[in-house]
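Me: I would like to learn how to read a protein model slowly and carefully. Could you take me through some features, giving the general idea before the case at hand?

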Amino acid sequence: MALVSKGFVGRRRDDDGRTPPGQYLTKDFPVLAIGPSPSVATDTWTFQITTERGESRTWTWDEMAALPHERPTVDIHCVTKWSKLDTTWTGVSLDVLLGGLETDAQYVVVHGFDGYTTNLPLEDLLGGKAWLVTEFDGAPLAREHGGPARLLVPHLYFWKSAKWVSRIELTEQNEQGFWERGGYHDYGDPWREQRYQGD
Ligand SMILES: Nc1nc2c(c(=O)[nH]1)N[C@H]1C(S)=C(S)[C@@H](COP(=O)(O)O)O[C@H]1N2
Ligand SMILES: [Mo]
């Protein structure tokens, strides 16, 4: 009698291989932050991009709202090991915000209104891979998740997606942010399990 175990052919997962190594899927949306959520009013909100040459661009809430928006549906992966599939956001592509900027910078430091910082290569904000988002699931982004506006960089661990985003600083050198100084990885690719420096 042939004994055929499904285990031999690999257990089929319902995620089609969309869960990076070491991650589990959740339907919840956990909240993680280094401190209390700052209160950021949209009537005084501004978002700024500064370059290594000392140039800057600033948008008010209404100016940001007037830009073309996209509605990406993406998977997100937190270094604390939860992943969430098919999350839908509304926001402005970083390609729009960075377009035509004169810079030789290869890195960015992203700043939040709570004093949070995180670093990544400039390239990872370009090419349809990153958004400044103001809605989750078709509703205004909740304050605990970074409302009124956060960065969304879903191809990297979620700590790179700065909540309450205030400024993106273009830098020539790689300058570490809050978690990166604390030992987390400078790049943070979930598919290569780049959780900590040296991974
Ligand atoms: N401004 C700011 N952004 C932040 C953080 C923070 O403390 N402050 N925490 C980061 C971390 S560690 C994670 S995992 C995600 C969590 O986002 P969530 O609370 O919406 O799940 O936000 C990231 N962005
Ligand atoms: Mo995190």
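The dialogue that follows takes up a sheet and then some backbone features.

Reply: This is a predicted model, in which local features need pLDDT of at least 70 and side-chain atom pairs count only at pLDDT 80 or more, while totals for chains, interfaces and linings use all residues. Residues are numbered from 1 along each chain as its sequence is written.

Me: In what order do the strands of the open sheet lie?

Reply: Strands of a sheet pair through backbone hydrogen bonds, either parallel or antiparallel. Here five strands form an open sheet with mixed pairing, in the order S3-S2-S11-S6-S7; strands are DSSP runs of E, at least two residues long, numbered from the N terminus, and two of them pair if DSSP finds at least two bridges between them. Strand S3 (56-60) and strand S7 (117-121) are the edge strands, each pairing on one side only.

Me: In which sense do strand S2 and strand S11 pair?

Reply: Strand S2 (residues 46-50) and strand S11 (residues 165-171) pair in the parallel sense, over three bridges, and Gln48 stands opposite Arg167 in S11.

Me: Which residues does a cis peptide bond join?

Reply: Most residues other than glycine have a negative phi, and most peptide bonds are trans. In this model a cis peptide bond, with omega about 15 degrees, joins Gly147 and Pro148, and Pro148 lies in the loop between strand S9 (139-140) and strand S10 (150-152).

Me: What is the phi of Lys81?

Reply: Lys81 is not a glycine, although its phi is positive, at about 90 degrees. Lys81 is found in the loop between strand S4 (73-77) and strand S5 (82-93).

Conventions
Chains are lettered from A and ligands numbered from 1 in the order in which they are written. Side-chain values use heavy atoms; hydrogens and water are left out. Helices (H or I, at least four residues) and strands (E, at least two) are DSSP runs, numbered from the N terminus.
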